[in-house]
Amino acid sequence: MTKRHGYVLLSALVALVVALSAAIYVGVAADEGTSSGTVADGRPHHGTAVAPASTGTWVGAWSTSPAGAEPGTETNGMAGRSVRNVVHAGTGGTSARVTLSNLYGQSPLTITHATIAVAADENTAAATAETMRRLTFGGSTTVVIPAGGQTVSDTVRVTIPLGTDVLVTTYSPTPSGPVTYHPHAQQVSYIAAGDHTEDTTAAGYTEQTPYWRYLTALDVLSNESDGTVVALGDSITDGITSTVGANRRWTDVLAERLRTAVEGGADLPRYSVVNQGISGNQVLADGLGRPADNQSGLGRFGRDVLSRTNVKVVVIDLGVNDILRNPRLADPAKVTAGLRTLVRQAHARGLRVVGATLMPFGGHRGYTPAREAVREQINAEIRAGRVYDAVVDFDKALRDPYDPRRLRSDYDSGDHLHPSDLGFQKMAETFDLRELKGAGQAEL
């Protein structure tokens, strides 16, 4: 072969490789957001697209804590009904996966059909048609979750834009109860009779519900975030008095503040924020039942914090229910010892822990001077730096300057314990975003 012929052959091979690469690229691009078939009734079925070969980091876009067994579902669960959970994505991504829980079920939960889609608008059961994806579990559309267990779906390729509502729908044809749920979602979700899992319209979803059922996490493969901040708390973190469907919990506002600061060039970590608040939660004591409803912070820390996706920082706001719900006077030393145990567990994983002072509850039906003294003792330990790596002083920010035993009136929802929307905003604004940087201390 002459040298000239060799160059010609090499050029031909290069051209062939380029052509094949272009064909592969077009084929992959065409698969994004297109229908891969139809189901029996002719509705579009956007199947589980292959996960993209792209860079990114798995982070939590949304999560909630399984809080208990839903009353009235002990026998049938949600058999024969489609459960369409509406959740708000705190960060965007190009692929997604979900976690479903049967923690409080007393029998196996069979899910035969599950989907994920971006909502067509805020606070609606209608989906954006081209985003509808069928979920699989180990390659199968059916999954059986044992009593007390949970499952994570396969990765599905779907673009989840930042700040959008996401619809995660499950259908179970057989009785299974009780239902594992989160009662104070502050978000309207929907129920339909029959299997309407892949419906893109809201027509079949005639029942509204204030609960999240089965669903406990939405993770995304993100180029917008590098890690997850987990907020562990009680009803104040749960946002029980925030406006329904408005995403005004203090964690929502904190996530927005952090994102805006990073986009503005601030030297801050690119973290998403997820909410693991349960109303009524305590550091030390469980609720009733087996497994316990409203498991203590100590009991659920591994599940709700350490097991969250790519967690980097923990924010803890717990302790006020240990004071208010204890039939006897709470021991402040035991509460702070419990909090230090959580911090040690986080440090063992290299996580940084930011802790909150306990806000005042003067005027609340549970208030007594003795309980106020316990709150002040716990706060003194927290402020002295003997509990957490860093402190966010919610107490100082929201208390009435003329009566520090009470919330300032415009920050008070009216029950003298839980903040208003303005109070939640103030909590997030009080947070020094620089405290999210770095790892946990070796010792406190």
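Which residues are buried in helix H4 (residues 297-306)? In this helix Gly297, Arg300, Phe301, Asp304, Val305 and Leu306 are buried, where buried means under 20% relative accessible area, exposed means over 50% and partly exposed lies in between (1.4 Å probe, protein chains only). These buried residues of H4 pack against strand S17 (227-233), strand S18 (271-277), strand S19 (311-317) and helix H6 (332-347). Helices (H or I, at least four residues) and strands (E, at least two) are DSSP runs, numbered from the N terminus.

The model is a predicted one, in which local features need pLDDT of at least 70 and side-chain atom pairs count only at pLDDT 80 or more, while totals for chains, interfaces and linings use all residues. Residues are numbered from 1 along each chain as its sequence is written, and side-chain values use heavy atoms, with hydrogens and water left out.

For the chain overall, the secondary structure comes to nine helices and 23 strands. Of its 444 residues, 52% count as buried. Among contacts (heavy atoms within 4.5 Å) between residues at least 6 apart in sequence, 80% join residues at least 24 apart.

Two helix pairs can be described next. Two packed helices are described by the angle between their axes and the distance between the axes. Here the axes are lines fitted to C-alpha atoms, for helices over the stretch in contact, and angles run from 0 to 180 degrees between N-to-C directions. Pro332, Val335, Thr336 and Arg340 of H6 make the contact with Val374, Gln377, Ile378 and Glu381 of H7. By class, the residues of this contact divide into four nonpolar, two polar and two charged. In this scheme Ala, Val, Leu, Ile, Met, Phe, Trp, Tyr, Cys and Pro count as nonpolar, Asp, Glu, Lys and Arg as charged, and the others, Gly among them, as polar.

In the second pair, helix H3 (residues 250-263) and helix H9 (residues 421-430) have axes that come within 8 Å and cross at roughly 45 degrees. H3 and H9 are therefore oblique to each other, and H3 passes H9 in a right-handed crossing. On the H3 side, Trp250, Val253, Leu254 and Arg257 meet Phe424, Gln425, Met427, Ala428 and Glu429 in H9. The contact of H3 with H9 has six nonpolar, one polar and two charged residues.

Turning to the strands, S13 (residues 189-193) is mostly covered, with four of its five residues buried. Strand S3 (residues 81-88) runs antiparallel to S13 and is joined to it by four bridges; two strands pair if DSSP finds at least two bridges between them. Within this pairing, Arg84 stands opposite Tyr190 in S13. S13 also pairs with strand S14 (residues 207-209), in the antiparallel sense over three bridges. Here Thr209 in S14 is the bridge partner of Ser189.

Elsewhere, three strands form an open sheet in the order S2-S12-S15, with antiparallel pairing. Strand S2 (68-69) and strand S15 (212-213) stand at the edges with a single partner strand each, so one side of each is left without a neighbour in the sheet. S2 and strand S12 (residues 180-182) pair over two bridges, and Ala69 stands opposite Thr180 in S12.

Some loops hold backbone details worth a look. A cis peptide bond joins Gly177 and Pro178, with omega about -10 degrees, and Pro178 lies in the loop between strand S11 (165-172) and S12. The peptide bond from Arg290 to Pro291 is also cis, with omega near -5 degrees; Pro291 is placed in the loop between S18 and H4. Asn123, although not a glycine, has a positive phi of about 55 degrees. Asn123 is found in the loop between strand S6 (113-118) and strand S7 (133-134) and, at 32% relative accessibility, counts as partly exposed. His416 is not a glycine either, yet has a positive phi of about 65 degrees. The loop between strand S23 (403-407) and H9 contains His416, which counts as partly exposed at 25% relative accessibility.

Notes:
Angles under 35 degrees count as roughly parallel, over 145 as roughly antiparallel, 65 to 115 as roughly perpendicular and the rest as oblique. A crossing is left-handed if the near helix is turned anticlockwise from the far one by less than a right angle, and right-handed if clockwise.
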